[in-house]
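Trainee: Could you walk me through the aromatic rings in this one? I'd like a close look at how they pair up.

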Amino acid sequence: MGKFELSHRVVLAPLTRQRCLGYVPQPPMILYYSQRTSKGGFLIAEAAGVSDISQTSPEMPGIWTKEQVEGWKPIVDAVHAKGGIFFWNAVCQNLKALRARLRQHSLDRVGLGASVWEAITVNTFLIYAFELVPNGKSPVSSSNKKLAYQQRSPKKLTTQEIPLVVDDFRVAARNAIEAGFDGVEIHGAHGYLIDQFLKDEINDRTDEYGGSLENRCRFALEVVDAVVKEIGGDKVGIRLSPFANYSESGDSNPETLGLYMAESLNEFKILYCHMVEPRMKSVFEKVDCLDSLVPMRKAFKGTFISAGGYGREDGNKAVAENRTDLVAYGRLFLANPDLPKRFELNAPLNKYDRSTFYTRDPVVGYTDYPFLETTI
């Protein structure tokens with residue numbers, strides 16, 4: 001993968017885990033990421049905010065302050081000590097309430113238990129997100145549309161404000177390199193801010209950032225351009241989910257959108273494009289689908305990473321059929337810190353416990369999943 005020598009094709013996907021304090025990475029994260037590191041393995045860090053308007057939860061990390069940069073350094077060092085390649089995941093979430101808005105900020109507030117999560121949609125929690133943006137600032141979006149369950153509308157970014165957000169991504173990328181990361185993945189998927197510009201279901205703008213496909217993709221490509229100019233295209237990837245519909249951010253022609261982005265990204269010579277399979281329409285929902293990422297894979301000239309509900313067998317098949325170069329795993333990697341080894345040996349897998357995905361516990365459901373040696 002570019003200048004990076006990988007020893008296998010199993011990638012740690014970016015996974016929100018809610019173990020930070022005041023947007024600052026914490027010591028338990030050192031062990032968590034170190035456990036999932038193998039020599040020559042590729043890891044993508046959990047989504048982290050690029051600025052103080054980019055987050056809705058203090059349990060998610062950021063990288064806009066010196067304290068946050070310093071907090072990341074020992075985590076990065078631990079991954080490098082075991083020979084891993086580590087990319088930081090840059091996100092501006094704003095309008096979208098994370099699916100991590102579970103026990104501390106959502107279910108607890110309405111008197112429900114964590115087990116209720118599986119029966120409630122993510123949008124239910126958007127109503128609480130506004131209380132959690134730092135410094136009392138309003139969430140922003142491509143639109144001022146009020147989504148289901150929201151009490152008030154987000155702030156629609158003006159054409160004068162958009163360059164400031166682009167610059168937030170640029171500075172955050174620089175900070176990530178200062179923290180020691182090998183590169184940066186721009187999060188343009190799953191209903192986050194970039195996705196809100198890409199998708200015509202939510203982007204109702206009539207200026208140069210809305211309407212046509214080219215206009216809706218303008219913001220995303222401006223972010224890519226700024227980050228590439230700051231740290232170099234050989235250290236930049238992007239995550240996209242053209243087929244997904246998170247937080248009412250769907251598109252009427254997702255294949256055309258994905259193909260246009262894949263082709264446009266070639267201009268910037270970025271390292272990789274990380275796309276989510278069409279079968280993953282929303283949070284935890286895997287559906288039968290005839291759509292495919294193959295046209296995007298063929299169009300993009302760099303390394304292609306696929307994600308979305310993969311197991312060992314279909315991951316191997318996707319690589320064998322040249323439908324992808326690498327496969328990113330989330331929940332399976334969360335519960336199996338030695339997932340590449342288990343795949344190699346075709347060994348049994350630990351089962352994940354969804355109720356512990358987003359708790360504050362620094363051990364349970366975080367660093368206590370057993371390794372293969374302790375289970376046989």
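Mentor: Let's go through the aromatic pairs, one at a time. First, some ground rules: this is a predicted model, where local features need pLDDT of at least 70 and side-chain atom pairs count only at pLDDT 80 or more, while totals for chains, interfaces and linings use all residues. Residues are numbered from 1 along each chain as its sequence is written, and side-chain values use heavy atoms, with hydrogens and water left out.

The structure holds 15 aromatic pairs. Rings of Phe, Tyr and Trp (its six-membered ring) pair if their centres lie within 6.5 Å; planes under 30 degrees apart are stacked, over 60 edge-to-face, and the rest tilted. Take Tyr32 and Tyr366: their ring centres are 4.3 Å apart and their planes sit at 5 degrees, so this pair is stacked. Tyr32 is in helix H1 (residues 28–35) and Tyr366 is in the segment after helix H13 (339–345), so the pair ties together parts 334 residues apart in sequence. (Helices, H or I, are DSSP runs of at least four residues and strands, E, of at least two, numbered from the N terminus.) Tyr32 and Tyr366 are both buried, meaning under 20% relative accessible area with a 1.4 Å probe, protein chains only; over 50% is exposed, and in between is partly exposed.

Now look at Phe42 and Tyr272, an edge-to-face pair with 5.6 Å from centre to centre and 80 degrees between the planes. Phe42 belongs to strand E2 (residues 42–49) and Tyr272 to strand E8 (residues 272–276), 230 residues apart. Phe42 counts as buried at 2% relative accessibility, and Tyr272 does too, at 0%.

Back to Tyr32 and Tyr366: they belong to one aromatic cluster together with Tyr33, Trp72, Phe86 and Phe181.
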